[in-house]
Amino acid sequence: MKRRLRPDHNLIPLDGWREKVYRIIYLSNTNAGKTFDIILLAVILLSTFLVIIETVPTMSLRTIRLLYKIEFFITMLFTLEYLLRIFCVKNKKDYIFSFNGIIDALAIAPFYLSIIFPFTHYLLVIRLLRLLRVFRIFNLLDYMHDGRYIMNALKSSARKVYIFLLFVIIFIIIMGSIMYVIEGGEGSFNSIPNSIYWAAVTVTTVGYGDVTPSTPLGKFLSILVMLAGYSVLAVTTIIVTLDFENFRKNQIKIKKQTCERCGNVENDADARYCKRCGKRLPTGGSSDSKNGGIFSVFNIFKGDS
């Protein structure tokens, strides 16, 4: 039977220098590949740190120029790496329009965009998204399938949350309008939009304190809105938590693992070891591309061991 290739095989070049470069910059199951990835992560952290400290007001102009030169050099390295990633694959579109390909492009785009719009230079912190490769580099993909519980819980509770948020928005608009009437359109409550802003900040329990009522009735209404804010957080948390627990219970009911040593059939689907005797289970709770979901993007460039 002909072996079915995974999507990443469409990217692997057959031979020559491109294959060698591919195995270094795409794969992490070799010493050279893992070393390259670790250095890459360190440079990403350094680049982000430089962008952050550039905004410190006490930084001298000479230091800022030095940091900019270092950032320019790092961006050139990232640009070269991005071009190599394109040149050393067979199907270039598969990489360019993949999750990792888009992230790699966004990592260098702000620098070139800053030539026209200088302030966009600070968007280089987007490079932090490239740190997601840490799951591939350090073989943490086995743990990523646990995130499916969270994503499915959010997905199943989406309609309830949307409806609840609609009521919250209506509540905020009404409370803001009532406060505008109570305060008589004076002070910080000189318009309904400003009053709605106050209501939104109060309901979400942020409480900036930049807009506060001055009348006794307005202060009393603030107390009611604050108490309602805690209810908003509590209800949203309960909705997601219940869906999360229901999804987990359904997953456990769907599939159980059987221990080869003691015959225990009550091991959870994601269990690595038997509950009774401690022997490692056949599947070991491992995760691969069949898990699907957004976490499958981390497997796009994962090579064969």
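1. Does L77 count as buried, partly exposed or exposed, and at what relative accessibility? At 40% relative accessibility, L77 counts as partly exposed, where buried means under 20% relative accessible area, exposed over 50%, and partly exposed in between (1.4 Å probe, protein chains only). L77 lies in helix α3. Its C-alpha atom is 9.7 Å from that of V43, although L77 and V43 are 34 residues apart in sequence.

2. Basis of the note. This is a predicted model, in which local features need pLDDT of at least 70, side-chain atom pairs count only at pLDDT 80 or more, and totals for chains, interfaces and linings use all residues. Residues are numbered from 1 along each chain as its sequence is written, and side-chain values use heavy atoms, with hydrogens and water left out.

3. Overall composition. The protein has 10 helices and 0 strands; helices (H or I, at least four residues) and strands (E, at least two) are DSSP runs, numbered from the N terminus. Of the 305 residues in the protein, 35% are buried. Among contacts (heavy atoms within 4.5 Å) between residues at least 6 apart in sequence, 59% join residues at least 24 apart.

4. Helix α5. This helix comprises 15 residues, 99-113, and should span 21 Å at 1.5 Å a residue; its end C-alpha atoms are 21 Å apart, which agrees. The expected span is 1.5 Å times one less than the number of residues. At A107, α5 bends by about 30°, and the proline P110 follows within four residues. The bend is the angle between axes fitted to the seven residues ending at a residue and the seven starting there.

5. Burial of α5. The buried residues of α5 are N100, G101, I103, D104, A107, I108, P110 and F111. Their cover includes α3 (61-87) and α4 (92-96).

6. Packing of α3 on α5. The axes of these two helices come within 10 Å and cross at roughly 145°; axes are lines fitted to C-alpha atoms over the stretch in contact, and angles run from 0 to 180 degrees between N-to-C directions. From α3, the contact is made by Y68, F72, T75, M76, F78, T79, Y82 and R85, and from α5 by G101, D104, A105, I108, F111 and Y112.

7. The loop residue T205. T205 lies in the loop between α9 (192-203) and α10 (216-254). Its phi is near 60°, a positive value in a residue other than glycine. T205 counts as partly exposed because its relative accessibility is 34%.
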